[in-house]
Amino acid sequence: GGRLLQSYSREVVSMAEILLIANGPATSGSLQVEPSAGLALSTDFHVETSGWVDDPSNYPLTFAFYFRQFLSNQPALTLQSRSTSPTVFSDLPEGNPFYQYRMTVEVVVYNIHDAQDSVSAAVQVLPNPGLNITSYLATHLAEAFARTDADLVFSTVNNAAEMLNQINCTLASPLFCQGLHRNPCENQPQTCGSCLLGFEGVVGSANSLCFMSNASNPAPGKEGEPCRVNDDCLYGDCKSGTCVTPFLSCPSVNLNQICSGHGRCSYFDLSGREFKSPCLITDIYCKPACVCDFEYGGRDCSLLSSDLEVKDGNRGTLCEAIVQITNMTRISTGLVSSLISSLFVSYDPVEVFSNTAEDRCSQSLVTITNFVAQGYLVGEGASTSYQAVQQTLVNTISNFAKSNDDGRYAYLDGVMT
């Protein structure tokens, strides 16, 4: 509450009092997933939330369902958009093998004032050896369009994208990355993620040690300082008893080979011009990229050209479906947020190279940014995760900006010439 006091003269005093009561979210809810384990893109999981308690004047409650890889920093992906239904049936993509193939399913519950709370549950989603992503997309999208079911399109797109985005992390286990004080392998094959909060070291994905960033710990050795082992050095490279600054490296599924043994590692400036010599990891204006041998492609040159062409077609299909969603349902803040996350996981500048797929994905980006320009992310109902959604949009646009450089190098230099 608050009190306003104003004096107009020595004799006259006016006073007003305002009582403000903040609306709280529903509480005490739970989330159940049945069965607790199943096969990727095959088992039909029953996800249901119950037990939510709120003031009767705040009803009806509405629910939005999401999923993400277990302990992942990636944005949550839509299973079912916000509605009054407390249950959803859906298949799910394969979980991370280093976390026993677990996925996280989450429900966000809202009351009529948009106060929200959430609860999550883990489910095990095992590999499906007979899975064909192209067939899965064709079958499920045809059903979704025939039923004008935007949620089925969402779940189909997000599930397939997660399967396409899987990378090989067999040599960078969570325990290994934890020992380096780094986040799990998630973005680059066989490589741990960025330094954990409170630690510093090589920026971004790397397999070098991160150091505690406080004055009570001895500072790691900088370039030119004496060392005995790699872990004595800030950049994880000790040569002949001296800390050195290493070169930037290209991704590879085999850390003993450059570009998986099927290409060369080249270095480019931010406009895509190639440097004549390697760059150090401290050069923020240089980026490494694999230039693949004939008949190989992908970010790490581990894909045959025929496999990459299939991925290009699938990603083009995903982008086209994202645009179709906007014709099937009412445009809202929640919908635009979900579209941004779906495009982020669907588009990969390395795996989208044909004119058809590039046009479809560009159209999906234009469609989404038009909605953002109309104010859908900042209007009434914008969630507390607004900044996270904004960052996902920035990352998505950044991925499209890469489509003229490292993605083209990896494929076109080898296969299309």
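Student: At what angle do the axes of helix 6 and helix 7 cross?

Tutor: A word of care comes before the answer, since this is a predicted model. Two packed helices are described by the angle between their axes and the distance between the axes. Here the axes of helix 6, residues 355–373, and helix 7, residues 386–401, cross at roughly 150° and come within 12 Å. Angles over 145 degrees count as roughly antiparallel, and helix 6 and helix 7 are therefore roughly antiparallel to each other. The crossing in which helix 6 passes helix 7 is left-handed.

Student: Which residues of helix 6 and helix 7 make the contact?

Tutor: From helix 6 come Glu-358, Cys-361, Ser-362, Leu-365 and Val-372, while helix 7 contributes Leu-393, Thr-396, Ile-397 and Phe-400. By class, this contact of helix 6 with helix 7 consists of six nonpolar, two polar and one charged residues.

Student: How far apart are the axes of helix 4 and helix 5, and at what angle do these helices pack?

Tutor: The axes of helix 4 (residues 305–325) and helix 5 (residues 333–346) are 10 Å apart, and the packing angle is about 175°. Helix 4 and helix 5 are therefore roughly antiparallel to each other. On the side of helix 4, Arg-315, Leu-318, Cys-319, Ile-322 and Ile-325 take part, and they meet Leu-335, Leu-339, Ser-342, Leu-343, Val-345 and Ser-346 in helix 5. The contact of helix 4 with helix 5 divides into eight nonpolar, two polar and one charged residues.

Student: How do helix 1 and helix 2 pack, in angle and in distance between their axes?

Tutor: Helix 1 and helix 2 have axes 9 Å apart and pack at an angle of about 170°, which makes helix 1 roughly antiparallel to helix 2. Helix 1 passes helix 2 in a crossing that is left-handed. Among the residues that meet across this contact are Ile-133, Tyr-136, His-140 and Phe-145 in helix 1, and Leu-152, Ser-155, Asn-159 and Met-163 in helix 2. The contact of helix 1 with helix 2 has eleven nonpolar, four polar and two charged residues.

Student: Is the peptide bond from Glu-34 to Pro-35 cis or trans?

Tutor: Most residues other than glycine have a negative phi, and most peptide bonds are trans. The bond from Glu-34 to Pro-35, however, is cis, with omega near -5°, and Pro-35 is placed in the loop between strand 3 (30–34) and strand 4 (37–39). Tyr-59 and Pro-60 are also joined by a cis peptide bond, with omega of about 5°, and Pro-60 lies in the loop between strand 5 (45–50) and strand 6 (62–69).

Student: What is the phi of Leu-41, and where does this residue lie?

Tutor: Leu-41 is a residue other than glycine with a positive phi, near 50°, and its place is in the loop between strand 4 and strand 5.

Note on methods: Residues are numbered from 1 along each chain as its sequence is written. This is a predicted model: local features need pLDDT of at least 70, side-chain atom pairs count only at pLDDT 80 or more; totals for chains, interfaces and linings use all residues. Side-chain values use heavy atoms; hydrogens and water are left out. Axes are lines fitted to C-alpha atoms, for helices over the stretch in contact, and angles run from 0 to 180 degrees between N-to-C directions. Helices (H or I, at least four residues) and strands (E, at least two) are DSSP runs, numbered from the N terminus. Angles under 35 degrees count as roughly parallel, over 145 as roughly antiparallel, 65 to 115 as roughly perpendicular and the rest as oblique. A crossing is left-handed if the near helix is turned anticlockwise from the far one by less than a right angle, and right-handed if clockwise. Contact means heavy atoms within 4.5 Å. Ala, Val, Leu, Ile, Met, Phe, Trp, Tyr, Cys and Pro count as nonpolar, Asp, Glu, Lys and Arg as charged, and the others, Gly among them, as polar.
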